[in-house]
Amino acid sequence: MKLSFYGGVHPKEHKELTCAKAVESLRKAPAQVTLSMSMHVGAPCAPVVQVGDQVTVGQKIAAPTGLGAPIHASVSGKVVAIEPRPSCGGGKMMAVVIENDFQDTFASELTPHPDYDALAPEEIIDIIKEAGITGMGGAGFPTHVKISSGIGKVDTLIVNAAECEPYLTSDHRLMLEEGEWIIKGVKILMKTFGLDKAYIGIEDNKPDAIEKMRALAEGGVEVVACRTRYPQGAEKQLIQRITGREVPPGGLPAHVGCAVFNASTAAAVYDAVAEGKPLTRRIVTLTGGALNEPKNVLVPFGTPIAHLIEEAGGFRETPDRVLVGGPMMGIAVYDLSACTIKGNNGILCMTRAEAAEHVDAAACIRCGRCVNVCPMHLTPVYMHLYTEKRMWDEAEAMNLMDCIECGSCNYICPARVPLVQSFRMAKFEIRTLAMKRKAEAEKEAKKA
Amino acid sequence: MIDTKNLKLSVASSPHVSSPAGTRNLMLDVLVALVPALIMAAYFFGPRALLLTAVSVAGCEFFEWAYRKALKKPGAAGDLSAAVTGVLLAFVCPVTLPYWTILVGDFFAIVIVKQLFGGLGQNFMNPALGGRAFLMMSYPVAMTTWVLPGTPNWAGIVSAADAVTGATPLSNDFMHSGVMPDGVSLMDMFVGNVGGCVGEISALMLLLGGIYLIWRGTIRVRIPAAFLGTVAALTFLFPKNGVGNVEWMAAQLCSGGLMLGAFFMATDYVTSPVTKKGELYFGVGCGLLTVLIRYFGGYPEGVSYAILIMNVCVWLLDKAGKPGRFGVTAEAKKAAREARKRAKKEAA
């Protein structure tokens with residue numbers, strides 16, 4: 001069995017900016033935090049506090065309305081507004097704004113369970129749910145749902161500590177500084193799933209983290225050093241690397257008996273279960289050539305991006321773009337008052353020289369590099385051709401819906417064709433078309 | 001001090017970084033890889049080889065620029081793709097070809113083969129080979145009069161009339177019946193001390209260029225490997241006129257436009273498949289057709305027509321070579337096939 005994935009690219013890593021810097025607390029806590037009601041995949045939460053309420057750190061301020069997880073106050077203080085605010089994903093989202101009283105009064109409904117070995121799986125899932133834990137690698141799938149839907153199907157537990165995105169080092173620092181919490185979190189997850197084996201996948205550009213985690217690993221936890229190649233940390237590629245299994249099209253990791261958790265998520269599970277702390281903050285990498293002091297900081301959710309930029313010493317050069325996340329899959333923000341959410345692992349301020357050139361796409365020369373780097377075995381050149389001609393059925397027949405939007409094809413393209421943008425649009429159009437056809441078919445059926 | 005209040009931030013879809021290699025860099029790589037062969041051509045054929053190549057490059061760049069300008073299309077000059085075509089076309093012509101003739105070829109390659117089909121990326125035939133095929137049909141004598149090496153003189157720059165011509169490994173005798181020209185050794189053919197087209201003669205230098213391109217990642221190894229491998233296998237298995245298998249195979253690999261074709265023409269991005277399997281089929285097809293034309297065809301040389309014929313099959317080959325879907329195992333595929341069969345039976 002060949003333990004690797006096909007394709008991928010190796011962009012310049014730039015991790016040296018922050019990887020040797022220990023995690024710091026904020027020098028100045030934010031005066032206000034804005035907690036978006038959409039911090040995860042699924043339906044937005046509904047606020048359970050009102051304007052004027054006094055809240056404490058860890059207090060539940062919003063409850064899920066569908067698929068989701070509750071949100072907790074990340075600072076103590078007074079709720080001053082519940083209204084739509086700029087979101088880091090673009091546009092505005094309903095948010096709860098808390099004015100910080102700088103007391104950091106902590107109170108939570110969760111109780112610490114230092115003796116967590118005695119807990120039943122259902123109890124652990126309940127704690128994880130109440131602690132508001134969602135996937136912290138970016139996608140933000142509610143963790144308790146992943147666990148409860150996977151129990152019985154999952155035979156392999158994988159912790160994603162690949163951190164394949166250039167620039168980002170938050171998971172790297174977490175492993176070096178709080179590796180034992182990750183291991184303990186993994187053991188809690190293993191117990192919940194009833195498994196006695198788990199793997200931690202780390203890219204081999206972090207030898208110190210691999211060494212540290214190997215020293216800490218015990219009781220069925222195995223550290224796997226993976227080749228440094230983007231997108232090693234994409235869920236499907238990591239599963240392929242570690243187990244040799246391929247997640248079927250449209251399927252979930254559970255379909256091949258796997259469950260993948262981000263390293264930060266595992267640590268958050270430990271915090272919640274053993275220490276009774278809901279998820280209210282995380283390590284964020286503040287980096288990029290446009291910042292004076294790139295660093296890793298522990299950030300309460302809802303901190304405005306502008307505040308974090310100040311924490312990193314402000315701009316030393318006019319940034320070309322400010323990203324939430326890494327350069328390959330991060331989202332460019334246009335409003336620095338947008339605030340961090342659970343999945344934000346980095347704020348990247350790129351200079352003009354660092355970022356992709358501002359050029360119009362040149363003619364595709366069919367060099368086929370996109371095909372050679374696609375980790376999903378797709379043919380981006382043909383997918384783009386059909387998309388340009390709005391031939392949605394043909395595009396779908398090229399398995400366009402399998403695209404994970406990792407950006408490898410776009411990165412390597414010598415003609416600078418915006419392939420990912422094209423495929424995002426195509427996915428939207430294909431879904432719309434499918435819905436339209438379904439509605440029409442139902443109408444026909446009713447007539448008949 | 002940076003004005004943080006009035007920042008103008010760029011927004012774009014991810015990814016926000018791109019690889020350093022743009023189209024121009026790739027074309028530049030190809031040009032660099034062709035330099036060793038050009039040096040060898042100048043060494044054996046004299047300065048006219050350089051001048052013919054320069055005229056051809058200038059012609060291609062001019063026709064490309066003039067066409068885009070005349071039709072008010074956005075400028076494509078500067079990506080160096082026309083320069084590559086210019087060098088390649090000069091490389092597949094005899095050094096004695098009149099300058100005006102190669103300009104006719106340049107015109108056909110750039111305007112007819114490339115631009116009329118939509119410009120860079122849209123042509124379905126390799127422009128340089130298209131140009132050569134046109135010249136071959138229009139000026140067959142000039143295109144098949146090969147100069148022997150080692151007779152360069154400065155007068156040849158203006159008039160090539162007094163150049164010494166003669167039988168070369170490209171002539172029908174060798175290709176069809178296996179009779180080696182007098183005084184030509186395998187080593188001569190490998191180094192390039194033989195009569196032939198400007199840039200085709202030195203297998204060694206072309207091989208160096210090809211290895212450079214593969215090392216740089218500019219081209220992938222699959223097409224040249226499949227192409228050369230197929231020719232090698234077929235010529236090894238079917239030698240002619242009692243020549244030893246290995247000797248015959250080596251002579252075939254070093255002769256004609258095979259090295260140039262395998263590394264620089266069959267790998268032309270626009271006119272070759274993009275899928276892994278497609279590339280292999282393409283290379284094997286090129287190799288097979290080359291040997292068939294050399295053994296049984298009326299033309300002395302098969303490489304250019306083999307590639308042109310395979311060029312028009314590219315879409316088909318890519319369809320056939322579509323990569324297996326991620327997450328669909330062999331068993332799942334088999335099950336799906338059987339389910340389809342059952343459904344068909346039931347429908348019938």
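Me: What should I know about numbering and confidence before I start?

Reply: Residues are numbered from 1 along each chain as its sequence is written, and chains are lettered from A and ligands numbered from 1 in the order in which they are written. The model is predicted, so local features need pLDDT of at least 70 and side-chain atom pairs count only at pLDDT 80 or more, while totals for chains, interfaces and linings use all residues.

Me: What does the radius of gyration say about chain A?

Reply: The radius is taken over C-alpha atoms, and the globule rule is 2.2 Å times the number of residues to the power 0.38. For 448 residues a compact globule would have a radius near 22 Å, and chain A agrees with 22 Å. Its C-alpha trace spans about 60 × 60 × 50 Å along the principal axes.

Me: Where do nonpolar residues gather?

Reply: In soluble globular proteins, nonpolar side chains tend to be buried together. A nonpolar core is a set of buried Ala, Val, Leu, Ile, Met, Phe, Trp, Tyr and Cys residues joined through C-beta atoms within 7 Å. Here the largest core has 229 residues, and those touching the most other members include A:Val159 and B:Cys93. Helix H1 (residues 23-45) of chain B gives this core its largest share, 11 residues.

Me: Which strands pair with S13(A)?

Reply: Two strands pair if DSSP finds at least two bridges between them. S13 (residues 281-287) of chain A has seven of its seven residues buried. S14 (residues 295-300) of chain A runs antiparallel to S13(A), with six bridges, and A:Arg281 stands opposite A:Pro300 there. S17 (residues 346-350) of chain A pairs with S13(A) in the parallel sense over three bridges, with A:Leu348 as the bridge partner of A:Thr287.

Conventions: Buried ≥ 20, exposed ≤ 12 C-beta atoms within 10 Å, placed from the backbone. Helix = DSSP H or I, 4+ residues; strand = E, 2+ residues; numbered from the N terminus.
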